[in-house]
Amino acid sequence: MAFAGHRNSGGSNMGGKGTVRLERPPSINSLSSNRSNSGVVASSAPSSSVPPTGRPKSSSPSPSFPRRNSLGSPRNGKDDCGVPGRVRVAVRLRPKNQEELVADADFADCVELQPELQRLKLRRNNWDSDTYQFDEVFTEFASQKRVYEVVAKPVVESVLEGYNGTVMAYGQTGTGKTFTLGRLGDEDTADRGIMVRAMEDILADISPEHDSVTVSYLQLYMETVQDLLSPGNYNIPIVEDPKSGDVSVPGATVVEIRDQQSFVELLRTGEAHRFAANTKLNTESSRSHAILMVNVKRAMYGRQDKESALSNENGNGVNILKGIRAPVVRKSKLVVVDLAGSERIDKSGSEGHALEEAKSINLSLSALGKCINALAENSSHVPIRDSKLTRLLRDSFGGTARTSLVVTVGPSPRHRGETASTISFGQRAMKVENMVKLKEEFDYKSLCRRYEIQIDKLIAENERNAKALQNAEEERDRVVREAQDCAIEAQNKLSSALERVAAERSSYQNEYIDALQKLEDREKHVQQQKAAMEAKLKDKNADPWKEVNGTGEELAQVKWLLQKEIQMREHAEEEVKILKRKIIPSVNTEMLENAEVVKLNKRLEDEVQQKSKLEEEIKSLKHQLLQLSFEADETRRVLDRGGSGRNSTSSDTAMNTFKTNQVRDAANGQKATIAKLFEQVGLQKILSLLESEDVDVRVHAVKVVANLAAEEANQERIVEAGGLNSLLMLLRSSEDETIRRVSAGAIANLAMNETNQELIMNHGGIGLLSRTADEAEDPQTLRMVAGAIANLCGNDKLQIKLRSEGGIRALLGMVRCGHPDVLAQVARGIANFAKCESRASTQGIKTGRSLLIDDGTLPWIVQNANNEASPIRRHIELALCHLAQHEVNAKDLIAGGALWELVRISRDCSREDIRNLAHRTIVSSPIFQTELRRSHTEF
């Protein structure tokens, strides 16, 4: 595939002259496995190849050499045993460009490729040439896909398996290094470079639920490490682990990658911030080394842990951990390095600042070449500290990473010296042998979290059981009280019913006796009358018929009276029967009430028995709760101590010994990291310490929160837990300068998120920051406050509110400090505000002149537009360009002298994009054009 129209970056002129013929070393790297689509061959070069005259063949590097890790640093640890792996080197030829087609039309190319033999011939003259052997040779027609599959894909596959890997491009400026590595493929997806294709394969292979991929993008410019994802983060320190020798850049921005599109946008952002310049050899020559670091963390299933016992003081073992699989994590890193090309000043025409940049590039590449030479010659000393570039790449050459190098060359005979130097560098790199090691370790943090989750579940379950028991006790007491109330009420009802029945019975009995007495009296009266009648019949001797008639009448009367008495007696008997019927239900009711009383008494006895059972169950559960609490405490102590109990099995002894050594080393070395403290203590406990009465405790707590807020993954949890309100409260009420400084820094970290920005504004955060800016004198505090306000200035929705609450005036007030870091943050905030204003004006949302001009920032902007510090100057130049894009600001800019600064920026600015923006702004403004013609200024 042709390279026409792509962006090229630097080359190198290192290495001596002369003919070098190197036979291809035998394959000792697993990367050289045969692939159907790969051109890498594991065998040596054919014996029929003819070496250059007078030059013997050099033997391949011996895998039996005593190896050094990371460019000469010894390493200790569990993974010391590694697999030897030589650096793989491929060469790629760039096609001729338009200039070379014209200038070199009468000359033969200085390079001849033999891809079927993996050879390259470098012409000395028309009849003689030198032959070199490489692992792979790509012609000018090789596609980006083939270059990736041969050079980088084996390294990416090794990274996915847990090994570190490095892919690096080296060559003369303009030979296609950036095209090979960093091409995004916006116009044609087939042009995608190694960076984009590598991330595609990584995201396709990992599991989003269990694995993670994070990316940092850096540049090494003028021997300073700068963050391409956060331009304000420059001069980042390089940290080396004194024990393992691992190199890290902890101050760099780390972004977690979830999809390919976000990664491409990240590369586009980083490329926009990379330094480039126009030289005679390349219109966009890179002035820095670009380094992409991709960290892959993969969770692997570990072996089944055997049952472990924790011994107490009496020697009794308590088994609490059963069937737990020890989690294993593989942590690997892919480093993709796009080196800047070394320059010959007479060819590149660099001068001024560009000349200083070229010197710095040449020095760093020279230091890298010295290290490669020392490793290739198996020297006892490797000068890794001569440059930050060699320190960053100490694991790539002679270290533990699988490394692939692609050297890019051009065909032009005018640059034969640079081409020979590039080829010599590749030949020396092929002699470097790495000791590739698997980066695998037990994930003790994850195991600890799993134990803590189980303990929390047990504690929560015990709390639920205790609450259920408490509710049961309350329910039982309630039932007992209700039963007692029912019994008392029933007894009262029974007593009342018995009294009522007794009274009715007594009444009925009295009525019955009275009725009987009446009947007896009536019967006596009748008997008396009968006796009187009989006596009267015997004594009288009157007319018998008269007597008979009189006696008949009396008998009739007596019969009537007798009949009447009989009826009255029957009536009385009926009343007695009715009374008896009334008495029987009362007696039955009494019997039923007696039965109910007996039933209630039995129920009371059952409730008493149930109460006794529940009390026994409560005692048992309390005992279990104490036992589980004891087990939880024992587990925490064991995990914190890093060891196991005395009853551990022999198979666990090795793991426990390794774990104990890690804990002892961590205790004697650096303190526990903030992330570990966060996982062990918990966010709520850390936030509660912010309200402690002890000032030292508050200081340490707010520092922990600030470090946590620096990671985007923790910000949402901090805000949800009330961390933002706590930080604003500290900023409002604390008089300690350290607390205010760290609180402002934490708020600045949270203000990087748009949602958090609105919350900060709604809680009066800009007012607190403005007041802190007026009161503070410490430059570091002012830097944190200015950084927070600068982040808020980048939100389109908050422009009016931010200005009304004094945000712009606070920024302008902090320039009194004069510290460069403070001024850089102030300039960034003004640039962000101006950019949002420009966007709002373009969309028709805002009319009228800039609020920045209303608040009096223009004089300071003009005064510092040519500041010596590049971060301050760059932000102010952007702010001026954004202010000048709208005609309503033109007269104020002319009156304040900003037009002449715009003219200077359009001519002298080191950033081409800013230079072009300033030029377009001046050309498109009629007011600016009129003023330039009036002052007779040519533009």
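## Close-up views of a predicted protein model

**View 1. Leu334 sits buried within a strand.** Leu334 is buried, with a relative accessible area of 2%; buried stands for under 20% relative accessible area, exposed for over 50%, and partly exposed for what falls in between (1.4 Å probe, protein chains only). The strand that holds Leu334 is E18, residues 328–338. Here helices (H or I, at least four residues) and strands (E, at least two) are DSSP runs, numbered from the N terminus. Residues are numbered from 1 along each chain as its sequence is written, and side-chain values use heavy atoms, with hydrogens and water left out.

**View 2. The protein as a whole has 31 helices and 21 strands.** Of its 939 residues, 46% are buried. Among contacts with a separation of 6 or more, 75% are between residues 24 or more positions apart.

**View 3. Helix H31 has a buried side and an exposed side.** In H31 (residues 926–934), Phe928, Glu931 and Leu932 are buried. Because they cover an arc of only 100° around the axis, they lie on the same side of H31; the arc is that of the directions from the helix axis to the C-beta atoms. Pro926, Arg933 and Arg934 are exposed on the other side of H31. Cover for the buried residues of H31 includes helices H27 (870–884), H28 (890–895), H29 (898–908) and H30 (912–924). After H31 comes His936, with a positive phi near 60°.

**View 4. Arg394 and Glu240 form a salt bridge.** A salt bridge is a side-chain nitrogen of Lys or Arg within 4 Å of a carboxyl oxygen of Asp or Glu. In this pair the closest N and O atoms are 2.8 Å apart. Arg394 lies in the loop between helix H8 (388–392) and strand E19 (402–409), while Glu240 is in strand E10 (residues 239–240), so the pair ties together parts that are 154 residues apart in sequence. Arg394 is buried, at 3% relative accessible area, and Glu240 also counts as buried, at 18%. Shared partners join Glu240, Arg385, Arg391 and Arg394 into one network of salt bridges.

**View 5. Asp135 and Arg88 make another salt bridge.** Their closest N and O atoms are 3.2 Å apart. Asp135 is in the loop between strands E5 (129–133) and E6 (136–138), and Arg88 is in strand E2 (residues 88–93), 47 residues apart. Both Asp135 and Arg88 are buried.

**View 6. Cys836 is in no disulfide.** A disulfide is a pair of cysteine sulfur atoms within 2.5 Å, and the count in this model comes to zero. For Cys836, the nearest cysteine sulfur is that of Cys793, 8.1 Å away. Cys836 is buried, with a relative accessible area of 3%.

Key. This is a predicted model: local features need pLDDT of at least 70, side-chain atom pairs count only at pLDDT 80 or more; totals for chains, interfaces and linings use all residues. Contact means heavy atoms within 4.5 Å.
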